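Here's a quick tour of one protein chain, from overall fold to surface. Have a look at the model first, then read on.

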Amino acid sequence: MYNIFLIIIISAIIIFLHELGHYCMAKLLGLHIDKVSFSLCPFPRFYVSVLEIGITPFKRILYLLSGNITTLIVFLCLNLLSINELNLALIVVALQIIAETNPFYSDYSSVMFWIANKNALKKIPHYIGNKEQEENIQKYIKNIRDSYFLSPLWLLHFVIWGILLVILLKYILIIK
């Protein structure tokens, strides 16, 4: 029971730090934060949402990667400390990295989507005041995002994720 409670606490801290990474990067880049919220779709999660309109691809990618970079920094810091009591924390962070990099629904799949569709996304107007136009743009982005699933780039992401999965699971077994 103690380990389950500890896993939940460590996971909550890591998720908080991950989302804090997104939030801080959005502020640093001057992006408009739409909301900080909780959603049950497609799975229970906390998230920081920024408005899609007017973001350069470079800023978008930096924003998306900031949460994962924060998680990796936590992982590296825990590794450097190498205290036996931190093994459980390392396992939780490794599992979090596996979850964060999955090709089905993650920040990395969003990054790959933005890279793969940069030409189509350049056609989106940067500043719009009309609510109906903004909704149409969001639908347009959703359609492009849906077309990314099972594309060659998505399949490459899946293979790389599979390799990462094997490496981190081996790592978890070694530190247990």
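## Ground rules

Buried means under 20% relative accessible area, exposed means over 50%, and partly exposed is in between (1.4 Å probe, protein chains only). Helices (H or I, at least four residues) and strands (E, at least two) are DSSP runs, numbered from the N terminus.

This is a predicted model, so local features need pLDDT of at least 70 and side-chain atom pairs count only at pLDDT 80 or more, while totals for chains, interfaces and linings use all residues. Residues are numbered from 1 along each chain as its sequence is written, and side-chain values use heavy atoms, with hydrogens and water left out.

## The fold

The chain has seven helices and two strands, in the order α-β-β-α-α-α-α-α-α. Of its 176 residues, 39% are buried.

Take the contacts (heavy atoms within 4.5 Å) with a separation of 6 or more: 66% of them join residues 24 or more positions apart.

Helix 4 is mostly covered, with seven of its ten residues buried. Those are Asp107, Ser109, Ser110, Val111, Met112, Phe113 and Trp114.

Tyr105 sits in the loop between helix 3 (87-100) and helix 4 (107-116). Tyr105 counts as partly exposed because its relative accessibility is 39%.

## A nonpolar patch

Tyr105 also belongs to a nonpolar surface patch, along with Phe104, Phe149, Leu150, Leu155, Phe158, Val159, Ile163 and Ile167; together they have about 870 Å² of accessible area.

Terms used:
Patch = residues over 30% accessible without salt bridge, like charges linked within 9 Å, V, L, I, M, F, W, Y side chains within 5 Å. Areas by Shrake-Rupley, 256 points an atom, 1.4 Å probe, with all protein chains shown as cover. Salt bridge = Lys/Arg side-chain N within 4 Å of Asp/Glu carboxyl O.
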